[in-house]
Every structure is written in C-alpha cells, then in structure tokens.
Amino acid sequence: MSLANEKEPIKIAERVNEEFQVLAPKLELDTPWHAYVSFKNKKEDFEFRIGAVANKEEKIVDWRHPVAKFYYQKLNIGEEIELEPPFRSIQGAVTAFGAAEGYSGYLKSLEWSDLNGTAKIVRLDDGSFVDLNNTQSKEENEKTTQVLKQSQQEGLPDLISLLTPEQYELITQKTSEPLIIQGRAGSGKTSVALHRVSWLLWDENEEHGINKKTKVLVVMFNKSLQSFVKQSIKSLNLEDKIEINTFHSWAISALESVYKGQLETISGKNLKKLFDKYFFKDNEKLGMIKSHAGISQLMEVYVKAQAKKTWDFIEGKIPAYDTDNIRFKFKRSETAYVQDIIEFRQEIKRLILKEEDEYEKKRLEQIEILLQNVYEKSILYKEELLSLLSHWEWLMKCIPGLTEEKAKKIGQRQKIIQSEGKASSAKVGKYVEYDDYALLLRLVQLKRGGLPYGLLGENIFKFDHLVIDEAQDFGAMQLLVLLESVNSRTGVTIVGDTNQKIFPEKEFIGWDEIAKQLNFGNAKVTRLEVGHRSTLPIMWLADSVIGSEKILQGRQGAYPQIISVQSYFKLKEQITHFILKRIEEAPHAHICVVLHDKQMIEALKNDLQSLLKFKKIEVRQSERESFEFRKGVTVTNIHQIKGLEFDSIIIADANNKYWPDDIDNRRLMYVAITRAQENFLALYEGQPTPLLEVLNEKEFWRPVERFFTQKEFKPVEIIAEELDEALTVFDLEF
Ligand SMILES: Nc1ncnc2c1ncn2[C@@H]1O[C@H](COP(=O)(O)OP(=O)(O)OP(=O)(O)O)[C@@H](O)[C@H]1O
C-alpha cells in the first residue's frame with residue numbers, strides 16, 4: 001500500500017520509521033531516502049522515494065532523476081502531472097509530498113502534505129512520534145523543542161529534500177547556458193553551484209554528453225573555504241570526481257606543469273622591505289593594474305606579433321633542410337604558436353627515429369635543433385612578463401586612463417620584484433608576486449591554446465566545467481584566465497555577492513561585465529534573495545550594517561547582542577559563559593570566536609581551552625586548510641571565515657579601534673554576522689564599534705518583533721456556550 005493511502009500522519013511516520021530501520025543499515029546511509037512524491041489516476045497509484053543514492057531494488061530514485069522535479073517544483077496537492085519518457089507516458093494528480101530525515105537508523109523527522117493538510121512529525125527520545133502542527137500539551141511542546149535542539153546534526157545539512165524550486169531550476173538549467181548567480185549571504189549560492197556540478201556529472205544524464213573523463217574545476221579564494229567545500233561535497237559523492245582549489249594553488253600547479261624555471265611568491269612583508277630598500281612608494285594601488293583585463297588584450301596583441309615573427313624566422317632558416325616541405329603540414333595558429341611548434345617538433349623527432357639514411361637524418365636533426373631553440377626562447381614567461389610591464393607606452397594603450405607616470409612606475413615596481421636575488425647573468429630572479437600568476441598563466445594560455453598537461457607538459461587541455469565561488473574577490477585577469485580554461489563558455493557557473501567583497505585590493509569587474517565576458521547572448525544574472533543560513537534577527541542586523549534592504553522573511557531566533565566588558569578577564573568569562581550555555585542547548589554546535597586583532601588569537605584560544613577543558617569542549621585555533629568543521633569552538637581571524645558557517649559567531653574585539661566605520665569594515669562585519677546560523681554575540685572593551693549601534697535601538701527591532709508576534713497571532717476563540725456561561729448570572733448575593 002502506498003504511503004499516501006495511510007490517513008494518519010503519525011501512522012505514516014511509523015511506517016517510514018520501519019522502512020528506515022531496515023534500509024539504513026542495509027544501504028549504510030543515515031537517511032535512505034529524503035523525499036517522497038505520489039500521484040494517482042483512476043487506475044493506479046504511483047509513488048517515488050527520492051534519495052542521494054539510487055537503489056533500484058528498494059525503488060529509490062536518484063535526486064537528479066527527471067522525475068524528482070515533481071517533488072522540487074512544490075506543486076499543489078491535486079495538481080495534474082504527466083510522467084515523461086523514460087517512463088510510460090502517464091498522467092495523474094499529486095496526492096502527497098514528504099521530506100524525511102533519518103538519524104542512527106531511525107526516522108528523525110518527517111514533513112508531510114496530503115489532501116488532509118500538512119504535518120511536521122518528530123521522533124521523541126522515547127521512540128514515540130508527535131505532530132508539531134497539532135495542538136499539544138505544554139509538556140509535549142517542551143520535549144519536542146528539546147529534541148529538535150539536541151539532535152541538531154554536526155556538520156553540514158543534507159539539502160536533497162530542502163532545495164527550493166528556484167534553486168532546483170538553477171541546478172538543472174540547460175547546459176547550453178552559463179549560470180551566473182549573485183545573492184545574499186546564505187542564500188545557497190555555493191550549494192546550488194555544487195549541486196549543479198553533481199547534476200551535470202550524473203552518469204545517466206545523457207543529455208549532457210558527460211562521461212567519466214569530464215574535468216571539473218571548482219575554484220575559490222581562500223583555503224578555509226576550500227576545506228569547507230571539500231567537506232560539503234562528501235554527501236554529493238563528488239570527492240574523486242572534481243578538482244577543488246584556490247586560484248593561487250591552481251595557478252601554481254598549472255604553471256609547474258609547463259614552467260621549469262624557479263618560481264616563488266614574494267611575501268607581503270618582504271615586498272614591503274624591498275620597496276623600502278629602493279625608496280619606492282607603492283601607494284597608488286599600482287599592483288591593482290595587474291588585474292586589469294587590458295593587460296590580457298596587450299598580451300594577445302603581443303603573442304600574435306611574436307607568433308608571426310617566430311614563423312618568419314623559422315621560414316627563413318628551414319627551407320634548406322626541409323626538402324619534403326613537412327613544415328606546410330603543420331598549422332600556424334594566430335597566437336598558440338608554441339603548441340604548433342611542440343607538435344611540429346614531435347613529428348620531426350618521430351621521423352628522425354624512423355629515418356635510416358644518415359644524410360636525411362642529419363637534415364631532420366637540423367630542423368629539430370632549430371625548433372628546440374625557438375621553443376626554448378618562447379617559454380621565457382617570467383622574462384616576458386617583466387618586459388611587457390616595462391613597456392609603458394603599451395600599457396597606456398591597453399589601460400584607459402593610465403597616466404604616463406603611473407605606467408612607468410609599474411615597470412619600475414616589477415623590476416624591483418623580479419630583480420631580487422637574481423644571478424648577475426640572468427635577466428630575472430625567481431620572485432614574482434601573487435597577482436603575477438594570473439598574468440603568467442594568461443601568457444601560457446595564449447601561446448599554448450590551453451593548459452599544458454602530460455609528462456612533459458606537451459599536451460593541452462581545458463576543463464569541461466568550471467565553478468567560481470565568491471567571484472567578487474577575483475580580479476578581471478584572474479576571471480579571464482579561468483574562463484579561458486574551460487572548453488565552452490557555457491560550461492561555467494559563477495557565484496558571488498558584492499556585499500561580501502573583503503579583499504579591496506582587487507576591483508571586481510561587476511556582474512554585467514562577467515556576462516559580457518562570457519560573450520553569450522543568454523548569459524543572464526540570477527539573484528537569490530532568500531537567506532537560508534541565519535535566523536531573521538541575524539539577517540536583519542547584517543542587512544543594516546551594509547545598508548541593504550531588510551527583508552522580513554526567515555526563521556525566529558535569539559536576538560544578536562553586544563556586551564561591554566571591563567577587562568580581558570571579564571571577556572573570557574563572558575565568552576565561556578556563552579559557550580557553555582549554547583553547548584548545553586545544542587551539543588553539536590560549532591561556535592566560532594572571531595578576532596580582527598590577529599595578535600590576540602593564540603592567547604584567547606589557550607585561555608578558552610583551559611576554561612572549557614572540564615566540560616570536554618574542544619577549542620581549536622584554525623586557519624586556512626587547518627579548519628575542522630565539527631562541534632566545539634574555533635578561534636580565528638576575521639579574514640578566514642568567508643563562505644563558512646557556524647552555529648554561533650562571537651566577535652571578541654568589537655571595539656571602535658578594530659572596527660571603525662568604513663566600507664571595508666562594513667563588508668567584513670556583514671560577512672562575520674552572516675556566518676552565524678543561530679546566535680551572534682559581540683563583545684568590546686572601551687568604545688563599541690559604531691557598526692553595531694542598532695543592537696541597542698528598540699525601534700530598529702520593532703518590525704522583527706511584530707513579524708513574529710503576527711505570525712503566531714491566533715484570533716480570539718469565542719465559544720457561544722462559554723460566553724453564555726460567562727455572562728449568565730445564576731446567584732445573586734444580597
Ligand atoms: N533550500 C534550502 N533550505 C534549507 N537550507 C538551505 C537551503 N539552501 C541552502 N541552505 C543552507 O544554507 C546555508 C548557506 O548555503 P550556502 O553556503 O550555499 O550559501 P551561500 O549563498 O553560498 O552563502 P555565503 O554567500 O554566505 O557564503 C547552508 O547551510 C546550506 O546548507
């Protein structure tokens with residue numbers, strides 16, 4: 001019997017629970033299936049269980065199967081649907097929807113809708129089920145709230161049953177279109193991008209022409225987000241199927257496969273020292289010019305000219321040895337001439353091996369020597385970088401508005417960096433700066449027509465799909481290099497939020513410009529407006545910090561707080577008190593203590609560690625790839641937490657010194673607040689930051705309060721008999 005034929009929601013939950021108890025150990029999954037949809041026509045009932053992993057025997061379909069759309073589209077009960085191929089073509093009306101979550105082999109919760117209404121059923125500790133939508137006793141209510149809090153899972157939630165129709169539509173958008181999403185913090189941008197990759201890589205998704213060799217790159221800005229995303233993709237089974245990297249690491253490894261010379265990033269500290277040594281004033285954001293797309297245009301013109309000259313040179317030398325006119329068999333790309341030369345040379349090498357006639361062999365060897373020399377000269381990428389940036393007239397032509405003085409300074413600046421530690425015979429040393437990697441890679445891409453791979457980097461390849469997360473922090477040049485690394489501009493998913501731009505040194509080119517760069521008529525920018533991570537009070541505060549329109553939509557939760565402390569001792573005490581309380585409420589909570597002041601991190605971590613040891617609460621100091629997303633406390637620097645999420649955020653130095661009012665701090669504060677799912681607490685010694693002033697303004701919170709009281713508002717219930725009884729006077733006492 002179909003689940004939908006059961007009348008009582010509690011009975012349905014009991015049946016699902018029985019199913020889960022059998023299936024969970026068998027399939028080794030906490031939640032054997034996540035979603036349910038059923039429909040019927042005059043003749044038959046149909047039901048589909050939708051899971052992270054398909055199982056034919058147990059009649060569970062993969063969430064990426066086309067039939068799952070009937071679940072995700074959030075149709076109304078009774079609405080007509082039609083099954084399409086590969087099914088028989090069948091019509092029917094929707095009879096029920098369900099979203100299930102399992103835990104330790106049991107059903108933990110079930111949301112159910114059918115003709116009788118909706119139910120939200122939760123399993124209590126004693127194994128019984130209650131319906132939260134039905135009136136319950138106060139005691140029962142308390143019990144369920146407790147259970148819901150306690151069973152909050154560790155790590156990231158599984159979104160398979162939760163995706164909104166809007167998110168599902170983006171995930172399954174046609175592959176002939178690139179996907180660009182901008183959206184508020186916590187609106188599911190990263191989740192949508194990763195689910196889209198999973199949808200694209202689904203083996204049975206023949207439409208995509210995707211196979212096991214499909215190469216996908218997911219790139220983001222910082223290491224901590226990389227660790228977070230690596231963890232998120234576990235539930236999507238994408239671990240071995242895609243490359244996840246930061247731009248920097250990806251660029252270094254891409255360069256290493258082709259560039260054999262020494263290459264090292266100069267640290268910010270050493271760069272400053274170097275500029276001081278040469279009395280060079282780097283105060284006009286000169287480095288920023290390197291992320292300007294104009295430099296890519298300059299490189300294109302340059303490589304084109306170089307290609308022509310190189311072939312002219314070869315043409316001048318080769319005829320004497322190339323009596324068979326082999327050279328005419330090889331293509332001469334406008335820019336990717338180095339790849340053409342590599343292929344030409346490989347062919348000549350093959351012919352040399354085959355050739356038995358000594359004279360003919362010698363002839364071919366001369367061609368090889370010629371090609372080898374040309375090749376070696378054409379891959380001096382570091383030297384060319386310096387030369388390009390030193391041609392101030394070229395720079396001025398490609399970067400509108402660049403003054404002569406500034407253009408000249410760019411060359412001087414580059415020379416200082418690239419001359420550091422160089423041997424006297426060499427043109428350049430090993431050092432480049434962080435932003436040079438995109439430039440070097442762009443040169444490689446132009447000369448090779450793709451990214452090198454193979455044992456000697458002799459072949460080239462492009463990715464089939466590219467995801468750029470937190471795109472607002474990438475400069476134009478980095479975006480260009482990435483876009484040029486993918487086979488087709490349609491195989492691209494780009495997500496970001498300009499309000500979270502926390503690296504001011506790079507100018508974001510803007511969403512419209514990205515769409516233009518994608519050079520594709522249909523490249524439209526989609527906005528995701530609904531925040532899913534934080535409670536409404538937290539989002540309300542965050543939106544006020546960046547002056548964004550505040551939306552009255554979201555879940556209820558504790559109000560954010562700001563507390564003044566008199567000393568470091570009091571600070572530790574308040575934080576400890578908060579953590580103990582929170583972990584008692586939600587034992588799996590991961591709480592993050594954030595500091596602007598890097599100097600204080602270690603000391604605070606050590607102190608919290610000794611204060612919380614007695615409760616066995618783990619306190620970690622995390623940064624970059626060392627982030628661990630599990631219960632306990634993480635103490636870190638504000639720049640590390642972008643893109644991540646925690647149960648609670650505590651800013652431990654919310655004073656005016658570290659958080660003065662300017663646009664960069666507003667964005668940083670926005671990022672910090674929106675990392676919190678349930679609680680936000682700010683603590684300060686001395687003067688509070690002006691950014692959180694609204695926390696103590698009653699008027700500011702009024703609309704939120706009203707929103708929740710209105711939501712819970714129940715019209716007064718007047719029963720005639722009750723009223724009668726109330727007003728009827730039976731006895732009079734005189
Ligand atoms: N439809 C949904 N229902 C419930 N939770 C969701 C939904 N979509 C996303 N989430 C959850 O919301 C949180 C934020 O999602 P995600 O990190 O993808 O958002 P984002 O837009 O990339 O955030 P940010 O820009 O702040 O880094 C995650 O915990 C995710 O699991």
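By class, how many nonpolar, polar and charged residues does the shell around the ligand have?

Analyst: The shell has six nonpolar, twelve polar and four charged residues. In this division Ala, Val, Leu, Ile, Met, Phe, Trp, Tyr, Cys and Pro are nonpolar, Asp, Glu, Lys and Arg are charged, and the others, Gly among them, are polar. The model is a predicted one: local features need pLDDT of at least 70 and side-chain atom pairs count only at pLDDT 80 or more, while totals for chains, interfaces and linings use all residues. Residue numbers start from 1 along each chain, as its sequence is written.

There are 22 residues around the ligand, and Ala185, Gly188, Thr190, Ser191 and His532 come nearest. A residue is near a molecule or strand if its C-beta atom, placed from the backbone, lies within 6 Å of it. Helix α5 (residues 189-200) gives the largest share of the shell, three residues. Helices (H or I, at least four residues) and strands (E, at least two) are DSSP runs, numbered from the N terminus.

Domain 2 (165-264 + 441-528) and domain 4 (536-710) each supply at least three residues to the shell. The other parts of the division are domain 1 (3-156) and domain 3 (268-319 + 339-432). The bounds come from an automatic or database domain assignment.

Domain 2 and domain 4 also touch each other: 19 residues of domain 2 are in contact with 20 residues of domain 4. Contact here requires C-beta atoms, placed from the backbone, within 7 Å. On the domain 2 side, helix α6 (residues 223-232) gives the most, with seven residues. By class, that side has six nonpolar, nine polar and four charged residues. The centres of domain 2 and domain 4, taken over C-alpha atoms, are separated by 31 Å.

Helix α18 (residues 536-545) packs with helix α21 (residues 663-674) at an angle of about 170°, their axes 9 Å apart. Axes are lines fitted to C-alpha atoms, for helices over the stretch in contact, and angles between N-to-C directions run from 0 to 180 degrees. The two helices, α18 and α21, are therefore roughly antiparallel, the term for angles over 145 degrees, with under 35 roughly parallel, 65 to 115 roughly perpendicular and the rest oblique. From α18, Ile538, Leu541, Ala542 and Val545 meet Arg666, Met669, Tyr670, Ile673 and Thr674 of α21. By class, this contact of α18 with α21 has seven nonpolar, one polar and one charged residues.

Threonine 498 is in the loop between β17 (492-496) and α17 (511-517). With 14 other C-beta atoms within 10 Å, threonine 498 is partly exposed; 20 or more make a residue buried, 12 or fewer exposed, and values in between partly exposed, with C-beta atoms placed from the backbone. Not counting residues up to four places away in sequence, threonine 498 touches Gln472 and Phe508. Leucine 483, in helix α16 (residues 476-483), has 18 other C-beta atoms within 10 Å and is partly exposed as well. Apart from neighbours within four places in sequence, leucine 483 is in contact with Arg489, Val492 and Gln517.

Elsewhere, helix α8 (residues 268-277) is hardly covered, with one buried residue among its ten. Just after α8, phenylalanine 279 has a positive phi of about 50°. Most residues other than glycine have a negative phi. Lysine 59, in the loop between β2 (45-51) and β3 (60-62), also has a positive phi, near 60°. Lysine 59 counts as exposed, with 11 C-beta neighbours inside 10 Å. Asparagine 325, with phi near 55°, lies in the loop between α9 (294-317) and α10 (337-354); its 9 C-beta neighbours inside 10 Å make asparagine 325 exposed.

For the chain as a whole, there are 23 helices and 24 strands. The C-alpha atoms fill a box of roughly 130 × 75 × 45 Å along the principal axes. Of the 734 residues in the protein chain, 39% are buried. Among contacts between residues at least 6 apart in sequence, 70% join residues at least 24 apart.

Terms used. Contact = placed C-beta atoms within 7 Å.
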